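Please look over the structure below before reading on. The briefing that follows is grouped by topic.

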Amino acid sequence: MQDFKSTQYAFAAHIRNPDVNAAPDGIEDRRMGVYRELFFNNVEGFLSSSFPVLRSLYTDEQWLELARSFYHLHRCQTPYFLEISREFIDYLQSEHVTRDCDPPFIFELAHYEWAELALSVSEQEIDLSGIDVDGDLLKGHPVMSPLAWLLTYAYPVHGISEDFIPESPSAEPTCIIAYRDENDEVQFTEVNVITAKLIQLIESNNNITSITALESLADELQDVSREAIVSGGKEILEGLRNQGIILGTRQPGQENPV
């Protein structure tokens, strides 16, 4: 049994990184080659399809080196294939050693691309119980869809491509709401910093109404009138409700439905 386990470990180590770890004794290299290509190509192919923009910024050699290092070094915590992209995000955040060819926004761009896949396969269901879909957005507490995520980045990740590769962060954060619409299609909408702050205030305090949150923002933005902040905020909230990002309202103090 011990010999069998040793063979298994040697087999797995070789499959992960054949350049560093020798194949187990007694196994024909042609047979090992089938496994080497099958396992790695599956993982690399999934990464390429999950992160197409990030992939396009690398040469074939640079990308394969990145995929191989993830494949070799990261210990996935789930057996599910759809979770590989989440594991890749974890790898980039905590384990990857930055190379000269890596853009400074590698993690943010990967996270932005991951969000689309994660939302598309999410099994989270929308529960409208206790929510007034036509409620007053200023007097009530707006309820965000669980399939709407506020994402904030230092780089304009939504515009990055082979033709646009920013070298430094933007002057202001890039704030994006990723959400799944009524047709189960993932959409992205960019919002300004003030709208992002409003959403954060609402989500962080179950007791707050929108008008209270807007008045709090007006105190911060002393160069903008309170009336303009409130009226503009109401228009923004209505737009978010029309998109399905806000489901409706409930009474302040009530817990969001699970």
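Y35 is found in helix α2, which covers residues 29–50. The model is predicted.

- With a relative accessible area of 39%, Y35 is partly exposed, because a residue counts as buried only under 20% and as exposed only over 50%.
- Leaving aside residues up to four places away in sequence, Y35 touches F11 and I15.
- From Y35 to R75 there are 40 residues in sequence, and their C-alpha atoms are 19 Å apart in space.
- Y35 also belongs to a nonpolar patch on the surface, which it forms with V34, L38 and F39. Together these residues have about 370 Å² of accessible area.

**I165 in its loop**

- I165 sits in the loop between β2 and β3.
- The relative accessibility of I165 is 44%, so this residue counts as partly exposed.
- I165 touches L57 and F105, again not counting residues up to four places away in sequence.
- I165 and D127 are 38 residues apart in sequence, and 40 Å separate their C-alpha atoms in space.

**Helix α6**

- Helix α6 runs over residues 106–121 and has 16 residues.
- At 1.5 Å a residue α6 should span 22 Å, and its end C-alpha atoms are 23 Å apart, which agrees.

**Helix α7**

- Helix α7 has twelve residues, 193–204. From its first C-alpha to its last it reaches 16 Å, close to the 16 Å expected at 1.5 Å a residue.
- N192 caps the N-terminal end of α7, with a side-chain oxygen 3.2 Å from the backbone nitrogen of I194.
- V193, T195, A196, L198, I199 and I202 are the buried residues in α7.
- The elements that these buried residues pack against are the strands β1 (141–144), β2 (148–153), β3 (174–180) and β4 (186–191), and the helices α8 (210–220) and α9 (226–242).

**Salt bridges**

- The whole structure holds eight salt bridges.
- One of them joins the side chains of R99 and E65, at 2.7 Å from N to O. R99 lies in the loop between α5 (84–94) and α6, and E65 in helix α4 (residues 60–73), so this pair ties together parts that are 34 residues apart in sequence.
- R99 counts as buried at 16% relative accessibility, whereas E65 is partly exposed, with a relative accessible area of 44%.
- R99 forms a salt bridge with D102 as well, and the closest N and O atoms of that pair are 2.9 Å apart. Both R99 and D102 are buried.
- In helix α9, E238 and R241 lie three residues apart, about one turn of the helix. Their side chains meet in a salt bridge of 3.2 Å, N to O.
- An α-helix has 3.6 residues a turn, so residues three or four places apart point the same way.
- E238 counts as partly exposed at 27% relative accessibility, while R241 counts as buried at 16%.

Notes:
Residues numbered from 1 in each chain as written. Predicted model: local features only at pLDDT ≥ 70, side-chain atom pairs only at ≥ 80, totals over all residues. Heavy atoms only, no water. Patch = residues over 30% accessible without salt bridge, like charges linked within 9 Å, V, L, I, M, F, W, Y side chains within 5 Å. Areas by Shrake-Rupley, 256 points an atom, 1.4 Å probe, with all protein chains shown as cover. Salt bridge = Lys/Arg side-chain N within 4 Å of Asp/Glu carboxyl O. Helix = DSSP H or I, 4+ residues; strand = E, 2+ residues; numbered from the N terminus. Buried < 20%, exposed > 50% of the residue type's maximum accessible area, 1.4 Å probe, protein only. Expected span 1.5 Å × (residues − 1). Contact = heavy atoms within 4.5 Å. Polar contact = N/O pair within 3.5 Å; in protein donor to acceptor, adjacent residues only side chain to side chain.
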